[in-house]
Amino acid sequence: MRYLKAVEISEKPFIQWHGWAKSLQELQALGEEDNPLILAENLVPEYQFGVCPLKIVGGVLVERSTGEMAEFEAEYLAEQTQIVEQNKINDINSATFVYASKQFPMHEAARLRYFAIGLYTGSTGDVDFLATDGTIVTVTNSNKTLFLYEFYKKIQELTSPTIL
């Protein structure tokens, strides 16, 4: 059984575990068997919410309070939610939507074109769009609203808030 020593650090996870002895005999030979900062490897807790659930107080390992851990949990979930939301751009860039039985890309350049056509109220003619199969699809002025509806519907689907 390996033994690890807790070392306090100033940033998360606040405790790092350093290998100290490879056996109980080695720990005893070091005279460290009663050191309150040393735990058998199987007793070292997993990090929770990005921190060690133990802390060093007066040279002794103690459990963090429920309140402390609740704060770390809230902070961790907020950070994870931001990461998930930021990564949605990758999902959008690789997504497609369907209009008139054809798939259309949603990468950034395509989205800019769709938004420009949707926002430009002076556009009264037919518009050509590139489908994912490489064909040009002409959308008539009377069908632009339906085309953009399918695009916006897919954007809303892909950007719905994620709750962890």
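**Salt bridges in a predicted model**

Counted by a distance rule between side-chain nitrogens of Lys or Arg and carboxyl oxygens of Asp or Glu, the salt bridges come to 8. The structure is a predicted model, and the points below take up several of these pairs together with the setting of their residues. Side chains of opposite charge can pair when their charged atoms come close.

**Helix α2**
- Glu85 and Lys88 form a salt bridge in which the closest N and O atoms are 3.1 Å apart, and the two residues, 3 apart in helix α2 (residues 66-94), are separated by about one helical turn.
- Glu85 is partly exposed, with a relative accessible area of 26%, whereas Lys88 has a relative accessible area of 8% and is buried.

**Helix α4: Glu150 and Lys153**
- Glu150 lies in helix α4, which covers residues 144-158, and pairs with Lys153 in a salt bridge whose closest N and O atoms are 3.2 Å apart; the two residues are 3 apart in this helix, about one turn.
- Because buried means under 20% relative accessible area, Glu150 counts as buried at 18%, while Lys153, at 39%, is partly exposed.
- When neighbours within four places in sequence are left aside, Glu150 is in contact with Phe97 and Val98.

**Helix α4: Lys154 and Glu157**
- The side chains of Lys154 and Glu157 meet in a salt bridge of 3.4 Å, N to O, and these residues, 3 apart in helix α4, are likewise separated by about one helical turn.
- Lys154 counts as partly exposed at 21% relative accessibility, and Glu157 counts as exposed at 51%.

**A network**
- Lys55, Arg64 and Glu68 are linked to one another in a network of salt bridges.

Methods
Residues numbered from 1 in each chain as written. Predicted model: local features only at pLDDT ≥ 70, side-chain atom pairs only at ≥ 80, totals over all residues. Heavy atoms only, no water. Helix = DSSP H or I, 4+ residues; strand = E, 2+ residues; numbered from the N terminus. Buried < 20%, exposed > 50% of the residue type's maximum accessible area, 1.4 Å probe, protein only. Contact = heavy atoms within 4.5 Å. Salt bridge = Lys/Arg side-chain N within 4 Å of Asp/Glu carboxyl O.
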